[in-house]
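Sheet to begin with, then helices, then cores.

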Amino acid sequence: MHHTSTGSDTGPGSDASTGSTGHTARPSRRAVLAATAGLTAGLTVPATAHAAAHDEHRLRALVSRMTLEEKVGQLFVMRVYGHSATAPDQADIDANLKEIGVRTAAELIAKYRVGGIIYFAWAHNTRDPHQIADLSNGIQRASLDQPRGLPMLIATDQEHGAVCRVGKPATLFPGAMALGAGGSRSDARALGRISGAELRAMGINQDYSPDADVNVNPANPVIGVRSFGADPDAVAALVAAEVRGCQAAGVAATAKHFPGHGDTAVDSHYGFPVITHSRDLWERLDAAPFRAAIEAGIDSIMTAHIQFPALDGSGDPATLSRPILTGILRDELGYDGVVITDSLGMQGVRTKYGDDRVPVLALKAGVDQLLNPPSLDVAWNAVLKAVQSGELTEARLDESILRILRLKARRGLFDHPWASRAGVDRTVGTESHLAAADRIAERTTTLLVNEDGILPLDRYSDRRILVVGADPASPSGTTGPPTGVLAAALTELGFTATALSTGTAPSAATIDKAVAAARDADAVVVGTYNVTASSTQRTLVDRLLATGKPLVAVAVRNPYDVAQLPAVKAVVATYCWTDTELRAAARVIAGRVSPRGKLPVPVQRADDPTQVLYPIGHGLTY
């Protein structure tokens, strides 16, 4: 049942020449093949034939030559601090010594023989495209230089929108819920294809995206706008489209968080959510996007640290549940690709068992890749001891390693794991990619309310615009601030706009300052962020409305804000606060384009959540 999609042995935009990567010279393909003991010589067929011709016995031969310690390492995907695999900054060396007991990524690979690395902005892995490519090459080299060295899976969470590890100058797209509002499968596929091509050009070959959760709980604190929406069939279609686009670009896609994290009011980073859906409701609501991902040939599926009593009554999180991962995902859904845990540092998986039991129980449940344990030494040794004691068999490890190696082969990593400077320059953040992101964003902006024809604003009668509101931190650290971006975009469109950041919880003094500034404006635009019944953002909006100036609210994250702003006569939803979405919203506000987005989730009334204020599919236009 696990279909494979065609990968590219070089990856779009990568450079098959032996050109310089800047700081690091790149071994030839022959050196890569030699490093894998000649066993992969038969894998230099074109990538389209990798899946079929991938002589399984060659991969099995690789596994048979691995030591037990190498097998244990291959199961782990680990964080590591630093912009370079061999020469990180001293602060990153210190952080690595403290958390992992090694100085660098190269030392991590040599000591533990890990099968993958996960990049984070906070770990200083993603400063700029050339640096990322050099880091990726350094990581591949460190692994391939080992005895029986294997290419590495290099992964990150590039969901776009609210979760984004690689920032500008790479192309940044609207997030999943915005894509849900656009409703276009071809746009989702284009996002996957372009983002995948750029990631592969930087040496990142696995993306922990798309989010396949169906977000039916407006109070969900961890998924929300990361989901394509609340309609399972619509979510399934967009998940499948993004998967196909991403994997066509040579990057492994990852559907998450199985069996479905969309109906929780608890964040599994900090707590242990319980999903109360019946088995029947799970089939109707949560299962469809994962089935669609499997049908699309998804390379990997990530587990959720949630309790789902209808699927497993033991009280264990899904990550550690054999009934869920083997019984349902493998046996019922027919999935034989890679299963990866969500981060093992999250509270949801550490509540019931110790850090030494979690990786062993995950493997017994049916997991293949163990992501980012809090202590690699504890987790690695626990798995090793479990095999030595007979709790886990070496044959069980071999099953998972074969799945991991098949994925690496399908994505052409035995043949061409390298990034290049020329490939980065040719692919990352190109004009055509940036224009595609802008066009996609234009199809997502949703006009929820437009009474008295307030929108579009008029360049003559509404020339002076005051932009106030929340300025949440940039997901990638490279965009924003939202008020400034909106003001600049409106000014480019012929208005005279000024920005005043008022924050997510404006004080009385800040509100007074905004009201005073509004007196000199012809119209006011206010960016709202997760407005609640008690939020002083509501006070800000009410005071600004009292000035009598035309007011436009832009809900920059959750569209549910509109229910808390009943007196506002013009409300636009962008589903995220990154530059691409906000510039598209400015074009809608200015009348340069007509709004086309439709709500992908229902918005309930604030005073009576059992009543729907705006249904799925609601969206006005000009």
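What is the strand order in the open sheet of 8 strands, and is the pairing parallel or antiparallel? I'm working from a predicted model here. I read the order as E9-E8-E7-E6-E3-E2-E1-E10, with parallel pairing.

Next I checked the edges. E9 (338–340) and E10 (370–371) sit there with a single partner strand each, so one side of each has no neighbour in the sheet. For E9, I followed the pairing with E8 (residues 300–303): it is parallel and runs over 3 bridges. Met 302 is the residue I found opposite Ile 340 in E9.

Then I looked at what covers the strands. Helix H11 (residues 279–295) lies across E7 (252–258) and E8, and it runs at about 165° to E7.

Helix pair next: I picked H9 (residues 185–201) and H10 (residues 232–248). They pack at about 35°, axes 6 Å apart, and H9 passes H10 in a right-handed crossing. On the H9 side I noted Arg 185, Ala 188, Arg 189, Leu 191, Gly 192 and Arg 193; H10 brings Ala 237, Leu 238, Ala 241, Glu 242, Arg 244, Gly 245 and Cys 246. Sorted by class, I get 6 nonpolar, 2 polar and 5 charged residues in that contact.

Last, the cores. The largest nonpolar core has 119 residues, and Leu 108, Val 114, Ile 139 and Phe 258 have the most contacts inside it. I took Ile 139 and skipped its neighbours within four places in sequence: its contacts are Ala 85, Ala 105, Ile 109, Ile 117, Tyr 119, Met 152 and Ile 154. Apart from that core I logged another, of 65 residues, including Ile 465, Leu 490, Ala 514 and Val 601.

How values were computed
Residues are numbered from 1 along each chain as its sequence is written. This is a predicted model: local features need pLDDT of at least 70, side-chain atom pairs count only at pLDDT 80 or more; totals for chains, interfaces and linings use all residues. Side-chain values use heavy atoms; hydrogens and water are left out. Axes are lines fitted to C-alpha atoms, for helices over the stretch in contact, and angles run from 0 to 180 degrees between N-to-C directions. Helices (H or I, at least four residues) and strands (E, at least two) are DSSP runs, numbered from the N terminus. A crossing is left-handed if the near helix is turned anticlockwise from the far one by less than a right angle, and right-handed if clockwise. Contact means heavy atoms within 4.5 Å. Ala, Val, Leu, Ile, Met, Phe, Trp, Tyr, Cys and Pro count as nonpolar, Asp, Glu, Lys and Arg as charged, and the others, Gly among them, as polar. A nonpolar core is a set of buried Ala, Val, Leu, Ile, Met, Phe, Trp, Tyr and Cys residues joined through side-chain atoms within 4.5 Å. Buried means under 20% relative accessible area, exposed over 50%, partly exposed in between (1.4 Å probe, protein chains only). Two strands pair if DSSP finds at least two bridges between them.
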